[in-house]
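Me: Hi! I would like to learn how to read salt bridges in a protein model. Could you walk me through some cases?

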Amino acid sequence: MAVLKRRVPMHSLRYFLSMVGLFSKPGLLPSYARNPPGWSKLFLGTVCKGDFTHVIATKYQKGQKSQKKPSHLGPLDDSWQERLADVVTPLWRLSYEEQLKPVINGYRNKSTFSVNRGPDGNPKTVGYYLGTWRGGNIVCVQSNHLKNIPEKHSQVAQYYEIFLRQSPMEPCLVFHEGGYWRELIVRTNSQGHTMAIITLHPQKLSQEELRGQKEIVKEFFIKGPGAACDLTSLYFQESTMTRCSHQQSPFELLFGEPYIFEELLSLKIRISPDAFFQINTAGAEMLYRTVGELAGVNSDTILLDICCGTGVIGLSLAQHTSQVLGIELVEQAVEDARWTAAYNGITNSEFHTGRAEKILPGLLKSKEDGQSIVAVVNPARAGLHYKVVQAIRNCRAIRRLVFVSCKLHGETTRNVIELCCPPNPAKKLLGEPFLLQQAVPVDLFPHTPHCELVLLFSR
């Protein structure tokens with residue numbers, strides 16, 4: 001499976017970043033950034049000497065053109081399916097030669113399906129949402145036609161819908177209005193193994209009643225019609241919130257294997273139901289290879305992997321470094337990382353569970369012994385906590401930073417500005433500023449306007 005990572009010359013990084021919105025919001029940049037005596041030199045550094053790409057610019061332009069907000073009051077062309085495709089995969093009408101070669105279909109290894117009223121009004125419809133909660137016009141549309149969702153995921157969703165429509169228990173559409181059955185998560189690997197996670201709001205069900213529902217859904221997928229899905233494992237989670245971690249409400253294995261495994265960068269990787277793993281496996285391999293190339297680690301380097309998930313980036317580079325230090329909030333993901341390290345014979349890694357803003361400052365203090373540190377950060381869409389940015393900025397041993405971003409707007413933009421701005425005692429940004437040296441987009445999300453962007457900073 002091919003994955004796009006194309007570089008073409010570009011005369012101005014400012015133009016490149018403006019196309020993804022980094023300079024597009026008035027008032028976002030501080031005054032010294034908008035009217036800089038030395039900001040351009042400080043921020044851009046030697047960046048314009050590198051190779052850049054129009055990939056993200058092109059994808060964003062095309063995505064924005066196709067994302068006109070419909071009223072969601074009824075089908076525009078008698079096809080709810082086309083409308084859902086326009087929202088979830090807005091570039092689906094284009095051949096991927098037009099999008100930016102090549103075509104990649106069914107690439108998602110994880111899909112989350114909602115339960116709500118469909119176009120026909122049936123509240124036990126499993127699919128993706130159109131409309132907004134604020135607008136009160138939510139419609140749930142079956143998603144088996146979407147190009148980015150594998151057939152296996154759609155199959156499990158269809159059988160979950162069959163199960164719901166057979167069940168006398170109502171779905172939970174709005175928490176305070178009652179109902180029980182909620183979303184479905186499906187995870188698959190390249191070997192074809194399938195993990196399904198069913199979420200239920202317990203409301204006031206007794207433990208005995210809950211056990212009964214677990215047995216019913218288990219029988220449906222083992223001996224009933226759902227057996228056609230050939231699940232490797234089925235999990236059940238009671239959840240009274242929109243999202244619950246394993247610590248908040250444990251995932252209960254109803255049958256099958258507790259984990260799925262993936263082969264990536266010569267590693268066997270364990271993946272728990274709660275662990276983050278990039279949704280495009282082939283794309284993730286290209287992404288992590290790019291990170292490795294830019295990181296430039298050697299045997300004298302400590303690699304600091306912040307927001308490390310299952311630890312793949314750090315572990316894939318462990319043989320080239322003196323030590324790998326990983327930080328991750330999700331405990332299950334950290335346990336996966338430790339298992340993966342042990343299974344693959346990696347002995348120079350350690351992983352810490354908790355919030356990066358709490359762990360990182362103390363961890364960096366213990367490592368400031370003159371040894372060079374390369375940091376890799378791969379935060380969620382919300383970006384890095386400001387204390388993490390402070391700790392990185394103020395640690396003199398970190399001379400090189402690789403920042404993987406899935407969303408350059410908002411907090412990530414502020415992260416970049418704070419990494420590169422002149423020293424600012426008021427914000428406790430005391431260390432030497434970083435220079436942005438290179439930017440490489442990697443297309444993990446064909447048929448959509450999104451890309452992962454890998455940024456290399458040094459100082």
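Reply: Happy to! Let us begin with Glu411, which forms a salt bridge with Arg414; their closest N and O atoms are 3.6 Å apart. The term means a side-chain nitrogen of Lys or Arg within 4 Å of a carboxyl oxygen of Asp or Glu. Side chains of opposite charge can pair when their charged atoms come close.
This is a predicted model, where local features need pLDDT of at least 70 and side-chain atom pairs count only at pLDDT 80 or more, while totals for chains, interfaces and linings use all residues. Residues are numbered from 1 along each chain as its sequence is written, and side-chain values use heavy atoms, leaving out hydrogens and water.

Me: Where do Glu411 and Arg414 lie?

Reply: Both are in helix α14, 3 residues apart, about one turn of the helix. Helices (H or I, at least four residues) and strands (E, at least two) are DSSP runs, numbered from the N terminus.

Me: Which residue forms a salt bridge with Arg399?

Reply: Glu432 does, with the closest N and O atoms 3.2 Å apart. Arg399 lies in strand β14 and Glu432 in the loop between α14 and β15, so the pair ties together parts 33 residues apart in sequence.

Me: How many salt bridges are found in the whole structure?

Reply: The search finds 7.
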